[in-house]
Every structure is written in structure tokens, then in C-alpha cells.
Amino acid sequence: MNICGKFVGEIHPVFIIAEIGQNHQGSLEIAKEMILEAKELGVDCVKFQKSNLNAKFTRNALERSYSGPNSWGSTYGEHKSHLEFSTNEYRALQEFCSEIDIMFTASAMDPVSLQQLVDLEVPFIKIGSGDADNLPMLRQAALADMPLVVSTGMQSWAQVQRIHQILRDTSTALLHCISAYPTPPKEAHLNLIPLYKRHFPEFIIGYSGHELGLQITVASVLLGARIVERHFTLDKSWKGTDHQASLDPAEFGRLVRYIRAVENIGCVRESHQIQQICAQVLLESDYNRDELGQALKSVTVDDRKLLEAEIACHSKLGKSLVFGSDVEPGHVLQKADVAVKVSEPHGLSPTLYDSVVGRKIARSCRKDDPIRENDLTD
């Protein structure tokens, strides 16, 4: 894989991404400060999250009350709007990154944002776990003719295989990921990485971590991850739900050093060898043998499923099939009539998209209503 002139793969350095996401608190100046810090730490790329709120969320999801210590507004829409940069602000951040020679990109959180990132000519587009089952968006990304990085949290093994089918002819990296903030070591399932490598040889395999600490991410490299992504913050005490599961500059700096120390060792198959290497490379304060052993337990493809630790994230940000337009009884659903959004309440899984298009409508439904089985008829 070639990302803007930097080769990523078995014989090349691990590609390290600092996921700034929305930890910038809605401030362009804080975002630039974070970019500068990441550059000094030796990170290859900084990544944000790009959303078009009306394309990502239904009306009900945006209008629901959202209060508490991490809220930036009285409704969820106001909260998300505060944290969202405009396309022009993204362009300014992109130019800033170019000036200091660090790559800039973002996760495309909806189809509109995906096209905006294509237009910005970012070096690659990230598809987050929340859209790894979004079939129309995966197909849209496949046509973008640019490198893709796809996280697989909350997905079944069957859906990971479907991602492979859709993207197999593209330049794609597949990231093992558990969508739990933070991820318990016993549910890190690191040995899915060699399974991904065996079953999907066309793809670069990597790791997007949400656990506390550094050792599990270092172990992912020893198992074969060639792209590593961790959330980044300047201060874990800041307002926001991602900061506590993020790495601060001191931690991220140590992680970069650890990865560079082990990236040329090659794939290590035995868990006890990985534990020995981590014990030698990591500071004592960064190493916990028991927790690392939990993360390295044996797994099968059946362990790639929606895990108990991921249910909270899936309930909040998992997407559903919703109506893309107002429809009346007897109408046959066309592609334009079916959208994939964060919906409250939830509708049918996006994995059912192909089986829903072409079905008849049983009753009047409005745009953004969740699609449910009783809305459809043969």
C-alpha cells in the first residue's frame, strides 16, 4: 500500500496514526496545537472525524435532549455541531499539516463527508467501525480510487468477509478493532490479527486500539499489525467522552518509541514470546503480564462478533436503515428511498440493505423514520 508516497506493509515501518477525532473541543487552535505535538512525537498522520450531521443522524437523534458534564449543547445536534469543523476549516488544517510535513486525513462518517474528503484529496480515507456494515457507503468508497483504511469493531465475521468482497480490488487496510471505551484486556482479541492476515492476504492488516495503556498496541505490532491507530489528547481531564481512553503526549511518545523498537522483529506466533519481548522493551510501569495474557488468548473467527463490551457503543452510534424520503403504501423502495443513519429508535441492520431495496411499503412512512420489518410487505 502506498499512502502519499509512504509505503505500508511487511517490510516497511509501521504507519502510526494519532486519532485526534473531536478531542480538539471544537477549537481550530487546539487542533493545530495537537497536530504540532503529534508531529514532534514522530507520528505519521493525524486523523479527524468528518460528519455532515443531517446525513449521519436522523431528526430524532439530533433533537434528543443531551445534558451532562460532557455536553456542548442542550440537544445532541447542538453538541455535535459545536465539535464539527467546516470544509474550509478542514482545508486550513490540511494546509497547516502540509507546512509542517505530517499527513492529514479524517474518518468519513457519512456519504456526504466521504465525497468532501475525496474532493480535499486526502492521502487516504478512513471508514470507522460504525460504517463497516454500511453497504452503500462501502461501495461508494470502493469507487473513490484512493487508499482506504477500514476498522471492524462491532462487526460479525460474515460482515468482515463482505467488506473483503466489496473492497478486495482496492488498496485497503483492514484494522482489527474493539469498539469499547476503554476495551477490557480480556475482550481485546488480539489474535484476530493473524486470522485477518491469513484470510485476507490482499489487505494490509492493522490495529485501532481503545484500551488503556500501551502494551496491547505494542503486542498488535508483534502479531503483524502494520498500521496502528490510537486516540490522542492533550489532557485526559478535558470535557468529552473520548479523552479518558486516549493517550496523552507522554504516553503517545512512549508508544512511538516502543513500536519503532519492535517493528522489525517480524510476526511472533507464540504468546509467551510476545510477553517476553514486551517485558524487555516496555517500562515496568507500562507492562502487566496478566492483562497482556488476557488480550493474547486464543480466538476463532466466531469471536469476531458484537461483543458485550461493544453493546454500549453500538446502542449509541450503531447505524440503521431509515427512509430516505416520504413513501406511501404500495411504493417499491428504490435505492434513493433507503438511507443509513444513526437512528432513534433503531431500524433494520444496514447489512440488510440489498434485501430491503425492491420491497413494497405497507404503510405511510416519513423521511428519517427507521425501517422495520412491519413497514414492508411482499
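1. Among the elements that cover the buried residues of helix α8 are α7, β7 (148-151), β8 (172-177) and α9 (192-199). The buried residues of α8 (residues 157-167) are W157, Q159, V160, I163, H164, I166 and L167, where buried means under 20% relative accessible area with a 1.4 Å probe and protein chains only. Helices (H or I, at least four residues) and strands (E, at least two) are DSSP runs, numbered from the N terminus.

2. This is a predicted model, in which local features need pLDDT of at least 70 and side-chain atom pairs count only at pLDDT 80 or more, while totals for chains, interfaces and linings use all residues. Residues are numbered from 1 along each chain as its sequence is written, and side-chain values use heavy atoms, with hydrogens and water left out.

3. Helix α6 (residues 111-120) and helix α7 (residues 135-142) have axes that come within 10 Å and cross at roughly 10 degrees. Because angles under 35 degrees count as roughly parallel, α6 is roughly parallel to α7. The contact (heavy atoms within 4.5 Å) is made by P111, L114 and Q115 of α6 together with M137, Q140 and A141 of α7; by class, it has four nonpolar, two polar and no charged residues.

4. H243 is placed in the loop between β10 (227-231) and α11 (249-262), and it counts as buried because its relative accessibility is 1%. The side chain of H243 reaches the backbone oxygen of K239 at 3.1 Å. Leaving aside neighbours within four places in sequence, H243 is in contact with N23, Q25, T233, D235, K236 and W238.

How values were computed:
Axes are lines fitted to C-alpha atoms, for helices over the stretch in contact, and angles run from 0 to 180 degrees between N-to-C directions. Angles under 35 degrees count as roughly parallel, over 145 as roughly antiparallel, 65 to 115 as roughly perpendicular and the rest as oblique. Ala, Val, Leu, Ile, Met, Phe, Trp, Tyr, Cys and Pro count as nonpolar, Asp, Glu, Lys and Arg as charged, and the others, Gly among them, as polar. Buried means under 20% relative accessible area, exposed over 50%, partly exposed in between (1.4 Å probe, protein chains only). A polar contact is a pair of N or O atoms within 3.5 Å; within protein, one must be able to donate a hydrogen and the other to accept it, and residues adjacent in sequence count only if both atoms are side-chain atoms.
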